[in-house]
Amino acid sequence: MVFEKDVLKDFKKNLPHDKAVVFIIAKDPNDKKIPIAVKKIRVLKITNNILKEGKFMFTISDSNSMLPNRKLSNFKKIQFEARLSHEGTPEKMDTDFSSQKIIFEEKSEGLRLFFSNSQIK
């Protein structure tokens, strides 16, 4: 997860409080209603990495699946996005930052999600 300079500047100026979380959201590109998996990361745990490096690493797996019969490992293509929620709620709010959406294919080695002011809201 990479924070572009513009978002990093805002992040430093308005450090998120203890409720803030980053949601990593994985969806089926053909059925985007219900996520396949969601990982919730408390921002306080990753603030030092964000401030020092402008990024943090994450792992998402079948253990983050929303339903036992819908596992990440069952999909050849997955759409990923991230959302920084200042209030820590799953519902999208006006104050949230959202990354771009990226399609991850089965043979991909990894992915980078970027937070940028051009992608806010």
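The protein contains two helices and seven strands; helices (H or I, at least four residues) and strands (E, at least two) are DSSP runs, numbered from the N terminus. Read from the N terminus on, the order of the elements is β-α-β-β-α-β-β-β-β. The model is a predicted one, in which local features need pLDDT of at least 70 and side-chain atom pairs count only at pLDDT 80 or more, while totals for chains, interfaces and linings use all residues. Residues are numbered from 1 along each chain as its sequence is written, and side-chain values use heavy atoms, with hydrogens and water left out.

Of the 121 residues of the protein, 43% count as buried; buried means under 20% relative accessible area, exposed over 50%, and partly exposed in between, with a 1.4 Å probe and protein chains only. Among contacts between residues at least 6 apart in sequence, 61% join residues at least 24 apart, a contact being heavy atoms within 4.5 Å.

In soluble globular proteins, nonpolar side chains tend to be buried together. The largest nonpolar core here has 22 residues, of which V22, I24, I60 and F80 touch the most other members. Such a core is a set of buried Ala, Val, Leu, Ile, Met, Phe, Trp, Tyr and Cys residues joined through side-chain atoms within 4.5 Å. Two or more residues each are given to this core by β2 (21-27), β3 (37-42), α2 (43-53) and β4 (77-85). The largest share, four residues, is that of β4. As for V22, its contacts beyond four places in sequence are K39, K40, I41, V43, I46, F56, A82, R83 and L84.

Eight of its nine residues are buried, so β4 is largely enclosed by the rest of the structure. Its partners can be followed one by one, where two strands pair if DSSP finds at least two bridges between them. With β2, strand β4 pairs in the antiparallel sense over seven bridges, and F23 has R83 in β4 as its bridge partner. β4 and β6 also run antiparallel, joined by four bridges; here Q79 stands opposite I103 in β6. Two further bridges join β4 to strand β5 (residues 97-98), again in the antiparallel sense, with R83 opposite S98 in β5.

I25 lies in strand β2 and is buried, with a relative accessible area of 11%. In sequence, I25 and A82 are 57 residues apart, yet their C-alpha atoms are 5.9 Å apart in space. Leaving aside neighbours within four places in sequence, I25 is in contact with P35, A37, Q79, F80 and E81.

Aromatic rings come next. A pair of aromatic rings is described by the distance of the centres and the angle of the planes. One aromatic pair is found in a search of the whole structure; rings of Phe, Tyr and Trp (its six-membered ring) pair if their centres lie within 6.5 Å, with planes under 30 degrees apart counting as stacked, over 60 as edge-to-face and the rest as tilted. The ring centres of F80 and F104 are 5.9 Å apart and the planes lie at 90°, so this pair is edge-to-face. Distant parts of the chain are linked by the pair, as F80 belongs to strand β4 and F104, 24 residues apart from it, to strand β6 (residues 102-105). Both F80 and F104 are buried.

Helix α2 has two contrasting faces. Its buried residues are V43, I46, T47 and I50. These cover an arc of only 140° around the axis, which puts them on the same side of α2; the arc is that of the directions from the helix axis to the C-beta atoms. Turned away from this buried side is a face that carries the exposed residues K45, N48, K52 and E53. After α2 comes G54, whose phi is positive, near 75°.

The loop between α2 and β4 holds S65, which counts as buried at 17% relative accessibility. A polar atom of the S65 side chain lies 2.9 Å from the backbone oxygen of D62, and the S65 side chain also reaches the backbone oxygen of R70 at 3.4 Å. Beyond four places in sequence, S65 is in contact with I36, A37, R70, K71 and L72.

Definitions and conventions. Polar contact = N/O pair within 3.5 Å; in protein donor to acceptor, adjacent residues only side chain to side chain.
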